[in-house]
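Here is a quick walk through a model, written for someone who likes to know the cut-offs. Have a look at the structure first, then read on.

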Amino acid sequence: MQVKDIKNLPNELTVTVEKLSNLGYGIAKYDGFVIFVENATPGDEIKIELTKKNRNFAYAKIKEILSPSPHRIEPFCPMQKICGACQIQFINYDYQLKLKKEIVEDTMKNIYGYPILVKDVIPSPKTKEYRHKIQYPISETKQSKRIIAGYYKPASHELVNIKYCPIQPEYCDEIIDFIRENAKKEGISGYIEKTHKGNLRHVVIRTSEYTKKSLVVLVVNDAICKNNYKSLAKKIYNELDNIQGVCLNYNNKKTNLILGDKTELIIGDDFVEEKLCDRVFKIGAKTFFQVNPSSADNIFNYVKDYIKTHFDSPTILDAYAGIATFGICLSDVAKKITSVEQVKESIDNAKRIIEENGIKNIDLYCEDASKFFEKELRNKSPKYDIAVIDPPRKGCTKESIAYLLKLTKKMVIYVSCNPATLARDLKIFKENGCKIDFIQPFDMFPHTYHIENVALVELPNSL
Ligand SMILES: C[S@@+](CC[C@H](N)C(=O)[O-])C[C@H]1O[C@@H](n2cnc3c(N)ncnc32)[C@H](O)[C@@H]1O
């Protein structure tokens with residue numbers, strides 16, 4: 001008999017997984033109720049145990065795989081199930097790409113609501129050692145006070161001590177190992193989140209695919225042990241190969257934010273150099289920069305080629321610009337570029353890169369994007385041929401879309417790391433007469449559920 005109330009669903013069920021959710025869970029159905037299953041993939045026939053029931057859906061874990069999906073593989077990382085960073089590493093890579101495309105299509109169907117072409121996902125050139133920004137929480141064991149460093153278990157703050165992570169360059173493991181071995185010798189303790197005590201909270205590593213060098217940032221809870229931190233920083237710089245510099249970052253707040261406001265260079269340089277679209281970028285501790293440089297290069301060159309093929313020396317608005325990465329990459333196919341970003345450090349960094357690359361046609365503005373758009377409209381109604389927008393996960397505000405519709409003549413190229421907010425925003429563009437040509441997804445984060453998209457939005461009078 002069919003169960004009507006989710007409370008009456010038995011705790012153990014046998015199901016077949018149908019889809020992958022946008023958060024990387026396998027989706028199965030039982031009597032019409034949706035069940036999100038950890039570490040499951042479409043095609044799996046499994047016995048599951050429910051772990052949580054909500055109003056009309058539930059979460060579950062696998063008790064037994066009765067018949068595995070043909071797309072299942074042995075994860076290449078032994079910590080995959082424990083660590084939580086690579087949710088779908090047990091699915092073969094080609095099928096991961098197919099599932100990511102389906103996630104974008106389903107999200108568009110559910111939120112955008114109009115027919116739309118989603119192209120095949122462009123894979124990441126590297127599926128291992130692709131992650132070039134590493135942020136390890138640091139703590140210490142209760143009894144022996146050994147330093148531990150790694151990632152939190154899924155949906156928890158329980159730290160998994162990770163010795164080897166195959167999605168980041170191997171030398172990052174060596175740096176972390178060195179810190180694990182030497183922090184205590186320098187009189188530095190690991191941070192205990194519960195009591196807000198201890199010295200070293202995080203280690204952040206920015207590492208360059210281009211130079212293979214690393215910037216190491218020790219995030220510390222206090223300045224009392226400054227000499228000890230300095231001594232560890234010098235040891236890292238002097239004893240390890242290819243360290244570009246070591247900085248201290250002070251963060252004494254009870255917060256989930258990793259970096260505090262103040263960063264101090266101890267030795268070497270406070271940046272690493274990375275190459276994108278044949279331009280060299282200097283990346284500091286706080287600079288926003290794509291973590292998978294070779295996949296980012298695909299995205300930037302894709303946008304550049306599209307503009308080069310379809311436009312003749314356009315004026316471009318580069319909004320949510322970070323260190324003006326799009327502006328800088330597009331500067332040689334544009335007449336003029338205006339880049340807008342609200343973080344001052346990023347704008348200062350962009351200034352430096354623009355000067356060093358001898359670029360003359362970019363204006364930089366440090367301001368909230370929406371306020372800047374409004375001012376631009378009030379001043380003299382300038383019109384940009386193209387707007388390239390790359391907002392954070394929460395997407396654009398309604399006002400900023402309204403301003404963009406007036407500020408842009410021909411096309412909005414919307415770069416997004418969140419299909420749900422992209423779908424919501426594209427709907428607004430569509431309902432204001434725009435035509436959404438297609439969506440081109442890119443895989444920036446192999447083995448995770450994340451997916452980056454580029455959507456091409458034609459303005460009503462653009463043809
Ligand atoms: C996804 S990142 C993109 C950065 C850059 N396009 C890149 O690819 O390196 C989003 C950027 O938007 C900036 N940002 C977030 N909200 C903003 C706002 N309201 N106004 C201006 N910039 C904003 C963030 O600081 C961040 O640098």
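## Lys 213 and its surroundings

Setting aside neighbours within four places in sequence, Lys 213 touches Ser 208, Asn 242, Ile 243, Gln 244 and Val 272. Contact here is when two residues have their C-beta atoms, placed from the backbone, within 7 Å. You'll find Lys 213 in the loop between β10 (200-207) and β11 (214-220). Helices (H or I, at least four residues) and strands (E, at least two) are DSSP runs, numbered from the N terminus.

Is Lys 213 buried or exposed? Lys 213 counts as buried because there are 20 C-beta neighbours inside 10 Å. The cut-offs go like this: buried takes 20 or more other C-beta atoms within 10 Å of the residue's own, exposed takes 12 or fewer, and partly exposed is in between, with C-beta atoms placed from the backbone. From Lys 213 to Gly 32 it is 181 residues in sequence and 53 Å in space, C-alpha to C-alpha.

Before going further, some ground rules: this is a predicted model, where local features need pLDDT of at least 70, side-chain atom pairs count only at pLDDT 80 or more, and totals for chains, interfaces and linings use all residues. Residue numbers start from 1 along each chain as its sequence is written.

## The whole chain

The chain has ten helices and 22 strands. Its radius of gyration is 24 Å, close to the 23 Å that the globule rule gives for 463 residues, so the chain is as compact as a globular protein of that length. That radius is taken over C-alpha atoms, and the rule is 2.2 Å times the number of residues to the power 0.38. Along the principal axes, the C-alpha atoms fill a box of roughly 70 × 65 × 35 Å. Of the 463 residues, 44% are buried.

## Domains and ligand

The domain assignment, which is automatic or from a database, gives domain 1 (6-72), domain 2 (101-125 + 292-458) and domain 3 (133-276). The centres of domain 2 and domain 3, over C-alpha atoms, are 33 Å apart. Their contact takes eight residues from domain 2 and four residues from domain 3. On the domain 2 side, α5 (293-310) and α6 (325-330) each supply at least two residues, and α5 gives the most, with five residues.

As for the ligand, 18 residues surround it, and the closest are Tyr 320, Gly 322, Gln 342, Ala 369 and Asp 390.

## An open sheet

Six strands form an open sheet in the order β1-β5-β6-β4-β3-β2, with mixed pairing; a pair needs at least two DSSP bridges between the strands. β1 (12-16) and β2 (19-20) are at the edges with a single partner strand each, so one side of each has no neighbour in the sheet. Two bridges join β2 to β3 (residues 26-30), and these strands run antiparallel. Lys 19 sits opposite Ile 27 in β3.

Most residues other than glycine have a negative phi.

Technical notes:
Near = placed C-beta within 6 Å.
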